[in-house]
Amino acid sequence: MGEEMKVQNQIGTKEYTSGGFIGKYQKLIRDVVIPYQYSVLCDKAEDTEKSHAIQNFINTGRALRSEDAQDGFYGMVFQDSDFAKWMEAVAYSLSLFPDRELEKTADELIDIIADAQDEDGYLNTYYTIKDKEKRWTNLLEGHELYCSGHMMEAACAYYDATGKDKLLTVMLKNAEHIYDHFIVKGNPGCPGHPEVELALLKMYRATGNRHCLELAEHFINTRGCDPDFFKKEAENRGWCVWNAHPTDTDYMQATRPVREQTDAVGHAVRAVYLYTAMADLASLSGDKELFAACERLWESITQRRMYITGGIGSTVHGEAFSTDYDLPGDTAYAETCASIGLMFFASRMLENEVDGKYADVMERAFYNTVLAGMQLDGKRFFYVNPLEVVPGISGVSPTHRHDLPVRPRWYACACCPPNVARLISSFGKYAYGENKDTAFCHLFAAGTVAFENGIKFTCRTEYPYDFHITYEVEKGGRLAIRIPEYSKTWQLTVNKVPCSPAPDKGYVSVTAQDGDVIELTLDGTPYFVYASSRVPELTGKTALCRGPLVYCFEGADNEGDVLSLSVKDHVPPTVGGYDENLLGGSVALNVAACRTDASQGLYTSVKPGQTECRAVAVPYYTWGNRGENQMRVWMEEARQS
């Protein structure tokens, strides 16, 4: 689309209201998830893992005043980040649904956070309460920068939502403390867990403080320049948090400088948080070499190391990428946070280049892995998102213990639940973007959007179950609307008059006048997908999709047994009507299939018989909401008779 189409991927701050499918989820976050997670953070939720995150901040304030810190610190070294992400979700929710009581609660919590900040700007409950003398000596495991980054993001979001800058002021002081330590005093190193880089860039955009930009550049440019840094740090300090391996530089994405990296490696969440910051910095600075590295890493992920569901990180060992085409479904890790990070990365790539391939992946990750990470009632969460589950093996066998058949209420390491809350509440920031004269419709989200460039419209749609999208334009201008890669046919009209502009990298452009009505109809025909023959797990298998939704087969719909099913991919599936009583409101697909006789012993020389049948598939994000049962995404292809 050229330089003139470069986009700042943010919605305008004047107005955004939500509706439709996304609006339903955002109301769930407001009404259920935020209150429930608050009760967990306060240790008031019944039958859940203890958090203590808010009490940690209260205790930190007491410790700084030389008072009794009561029960001290509890939780992971990064426990602060759970609270920070919840605060960020609150901010986004307030921007959608003003709520005086919730805002009052948030203001009171910000007072507690401010009270926990040391005079020099340092802010971290673990080290202030437990190991004050060990500050900044364990960048590998300490997560000080990671926790600061998440609270910076919360500060930016809360300032944007309410105009209140107390938390932003706290985090600017924290950023100046970090700047003094790493830039002024010249202490070496970069975060073991990337995150603060992307947060500092948000701080720079929110405040114009160039120290934030300089710090982000420093951490990005420093990474990998000394691959032995973490090893030397570990040798010098003589203590550890959980005995992380300082020589596993791939795990920290620190084997080589970022501009020389070619393959997505190591801990998947760390990787995509880093790549997000790299792409964001490339957009701000025009650094073509940095963006070229981002393009290589994007291709590595999406063309060789990503599940069909938008899940990334195929191994439990290090919660990490493994090697090209190693994508086992039954032992997949595919952490919810990793797919959220992949969405971050995609949105920042769109800042550099408006190309539908980025929004296609962003959509795939959201409607499948991200939504699957939360139970339909908003009170249980998956950390890991497998593509195949067999009760009795999944969650039980040593090789499958991480792949749980049902969602827990909470975790000791609870990064994913508040991450889902903040992502869903901020969905508009991924759905829409703008530059000086264009509004970009990357994803299809019902609601009214007012952009800073003056364009304003209302989008009406029941996507992803209905494939008709209407834009009612109040203030006209240029609209660039994405045509998803899956939609091989589509129709576009302006005031009921057909028009067919040629797509440019997946987007069609329409110049709309005040009062115009633009209607887009996409192809909602179910389709089968086949994997590359390089993926050893998937030879002879197929997966079923409709629009952005990947479908799966659950035992609850298929006589309790999906392992014996094979599907007839040469027979078009039947689309059921929208059923508001099915899994929170969804559409099932009815598929021609065969069921293999499973009555024989463990092995037999007699070929098992097959019986023709019908199988039912439901959207992957809805699985695991009806108790333990079998689930599969990739199905055997039935023999054609």
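These legends describe close-up views of a predicted model.

**View 1. The largest pocket and its lining.** The largest pocket has a volume of about 900 Å³. Its lining comprises 34 residues, and T302, M306, I308, R364 and V529 lie nearest the centre. Helices and strands both contribute: α12 (288-304), α14 (356-372), β13 (527-529) and β15 (549-554) each supply at least two lining residues. By class, the lining holds 20 nonpolar, 10 charged and four polar residues.

**View 2. The aromatic pair F21 and Y465.** The whole structure contains 35 aromatic pairs. In this one, the ring centres of F21 and Y465 are 6.1 Å apart and the planes meet at 70°, so the pair is edge-to-face. F21 sits in helix α1 (residues 20-41), and Y465 in the loop between β6 (456-460) and β7 (468-475), so the pair ties together parts 444 residues apart in sequence. F21 is buried at 6% relative accessibility. Y465 is buried at 9%.

**View 3. The aromatic pair F78 and W242.** Centres 6.0 Å apart and planes at 65° make this pair edge-to-face. F78 belongs to the loop between α2 (53-64) and α3 (79-96), W242 to the loop between α10 (229-237) and α11 (268-285); the pair therefore ties together parts 164 residues apart in sequence. F78 is buried at 9% relative accessibility, whereas W242 is partly exposed at 38%.

**View 4. Charges over the ring of W239.** K134 lies over the face of W239, 4.4 Å from the ring centre. The charged end of R237 sits over the ring of W239 at 5.7 Å from its centre.

**View 5. The surroundings of E637.** E637 lies in strand β21 (residues 635-637). E637 is partly exposed, at 31% relative accessibility. Residues touching E637 include Y530, T542 and D569. T542 is 95 residues away in sequence, yet 6.4 Å from E637, C-alpha to C-alpha.

How values were computed: Residues are numbered from 1 along each chain as its sequence is written. This is a predicted model: local features need pLDDT of at least 70, side-chain atom pairs count only at pLDDT 80 or more; totals for chains, interfaces and linings use all residues. Side-chain values use heavy atoms; hydrogens and water are left out. Helices (H or I, at least four residues) and strands (E, at least two) are DSSP runs, numbered from the N terminus. Buried means under 20% relative accessible area, exposed over 50%, partly exposed in between (1.4 Å probe, protein chains only). Contact means heavy atoms within 4.5 Å. On a 1 Å grid over the protein atoms alone, a cavity is a set of points where a 1.4 Å probe fits but cannot get out, and a pocket is an open set with protein on both sides within 12 Å along at least five of seven lines; lining residues have an atom within 4 Å of a point. Grid points are joined across faces, edges and corners, and a volume is the space filled by probe spheres set on the points. Ala, Val, Leu, Ile, Met, Phe, Trp, Tyr, Cys and Pro count as nonpolar, Asp, Glu, Lys and Arg as charged, and the others, Gly among them, as polar. Rings of Phe, Tyr and Trp (its six-membered ring) pair if their centres lie within 6.5 Å; planes under 30 degrees apart count as stacked, over 60 as edge-to-face and the rest as tilted. A charge sits over a ring if NZ of Lys or CZ of Arg is within 6 Å of the ring centre and within 35 degrees of the ring normal. Lists of a residue's contacts leave out its neighbours within four places in sequence.
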